[in-house]
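Please open the model in your viewer and keep the selection tool at hand. The tour below moves from one selection to the next.

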Amino acid sequence: MAKVTILPANVSAEVEPGELLLDAGEKAGVDMEAGCFNCSCGTCVVEVVSGMSNLDEPSPEELDVLDQWSRDPEKFRLTCCVRVRDGEVSIRPPGH
Ligand code: FES
């Protein structure tokens, strides 16, 4: 199992490997921002505070959107695009 924690609320959910980060956040009880659910609008961007290596590598589509938003892909990811591998991940939605 993987564990995803959403800051600053510090709420967590245990999820199966392969779960979308967006769904993991919802499971933790957080109303996650999202628009297209299709890796194209950038609404679902979050800062990955720890555990980036426990997330799948970004797709070219995700990298394109992060670039449009001037978000460093080493620190920010789109929750509708990225799946959790295993281990622990902490994320923080922008503005929090
Ligand atoms: S909801 Fe649009 S990119 Fe994630």
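The stops that follow visit the sheet, a helix and the cysteines.

This is a predicted model, in which local features need pLDDT of at least 70 and side-chain atom pairs count only at pLDDT 80 or more, while totals for chains, interfaces and linings use all residues. Residues are numbered from 1 along each chain as its sequence is written, and side-chain values use heavy atoms, with hydrogens and water left out.

Begin with the strands (DSSP runs of E, at least two residues; helices are runs of H or I, at least four, and both are numbered from the N terminus). Five of them make an open, mixed sheet in the order β2-β1-β5-β3-β4, where two strands pair if DSSP finds at least two bridges between them. Its edges are β2 (11–15) and β4 (76–78), each of which pairs on one side only.

Next, select residues 45–50 and 87–92, which are β3 and β5, an antiparallel pair with three bridges; here Glu-47 has Arg-92 of β5 as its bridge partner.

Finally, show Cys-39 and Cys-81, which are joined by a disulfide with an S to S distance of 2.2 Å (the cut-off is cysteine sulfur atoms within 2.5 Å). Cys-39 sits in the loop between α1 (21–27) and β3 and Cys-81 in the loop between β4 and β5, so the pair ties together parts 42 residues apart in sequence. Cys-39 is buried at 14% relative accessibility, whereas Cys-81 is partly exposed at 22% (buried means under 20% relative accessible area, exposed over 50%, partly exposed in between, with a 1.4 Å probe and protein chains only).
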